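Please look over the model shown here before reading on.

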Amino acid sequence: MADHHTHVQDFFTARAADWDTRFPDDAPAYAAAVEALGLHPGDAVLDAGCGTGRALPALRNAVGPHGTVLGADLTPAMLQAAVRAGRNRSGRLLLADVARLPLRNASLDAVFGAGLISHLSQPGPDLAELARVVRPGGQLALFHPIGRAALAARHGRRITDDDLRAEPNLRPLLARSGWRLEAYTDEDARFLALAVRAD
């Protein structure tokens, strides 16, 4: 576990300073994914593994001035980049591991996770921790601004059958972790899985 965390921190620390400039056109995709969550004014939402906080402005717009927006990330350099970009004005940033969140049970209405699942050290328990902090009926969005095939091609790889984000793998993984998969989109321009917190 500690080795995994160190690896994740090293990976993102090295990339934090220019992360946003590498993907400058993703903002509309983030906004559309946040819209799909169906948040309401006054809701409480967590961006899990928020990185440089690219989803935070859209989340703030969705929940309004009286809602709660939190961004949690394991890597200090990514949170520092979020502050430099001014995104801390849209939500409260937490240096925290999504596997052990400093939040009460059922305290949130939704969780947003962009590019999150491939960086979880224990996907089942980690998704269960996200379920712990969301009220029954609350939402989870697992998002990436490009689909699985496009992402694999970007990294010079092919999609394999054991990809956690493949629907036949993701649906039972979520079900074992307290979530019910409600909608699944995997196309070149977007990956988005929407799940509901089971009662």
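Predicted model: local features only at pLDDT ≥ 70, side-chain atom pairs only at ≥ 80, totals over all residues.

Seven strands make up an open sheet of mixed pairing, in the order S3-S2-S1-S4-S5-S7-S6. Its edges are formed by strand S3 (92-95) and by S6, each of which pairs on one side only, and from one strand to the next the twist averages 15°.

Helix H4 (residues 56-63) lies across strand S1 (44-48), S2, S3 and S4, and its direction makes an angle of about 155° with S2. Helix H8 (residues 167-176), in turn, lies across S5, S6 and strand S7 (190-197), running at about 155° to S6.

Side chains of opposite charge can pair when their charged atoms come close. The structure holds eight salt bridges, one of which joins Arg135 to Asp109, with 2.7 Å between the closest N and O atoms. Because Arg135 belongs to strand S5 (residues 134-144) and Asp109 to strand S4 (residues 108-114), this pair ties together parts that are 26 residues apart in sequence.

The surroundings of the two partners can be stated for each in turn. Arg135 is partly exposed, with a relative accessible area of 33%, whereas Asp109 has a relative accessible area of 17% and is buried.

## A network of four charged residues

Which residues are linked with Arg148 in a network of salt bridges? The network consists of Arg148, Asp163, Arg165 and Asp186. Within it, Asp186 forms a salt bridge with Arg148, the closest N and O atoms lying 2.8 Å apart. Asp186 counts as partly exposed, at 30% relative accessibility, while Arg148 is buried, with a relative accessible area of 13%.

Asp163 and Arg165 also form a salt bridge, for which the separation of the closest N and O atoms is 3.3 Å. Are these two residues buried or exposed? Both Asp163 and Arg165 are buried, which means that each has under 20% relative accessible area.

Definitions and conventions
Residues numbered from 1 in each chain as written. Heavy atoms only, no water. Salt bridge = Lys/Arg side-chain N within 4 Å of Asp/Glu carboxyl O. Helix = DSSP H or I, 4+ residues; strand = E, 2+ residues; numbered from the N terminus. Buried < 20%, exposed > 50% of the residue type's maximum accessible area, 1.4 Å probe, protein only. Pairing = 2+ DSSP bridges. Axes fitted to C-alpha atoms, helices over the stretch in contact; angles between N-to-C directions. Contact = heavy atoms within 4.5 Å.
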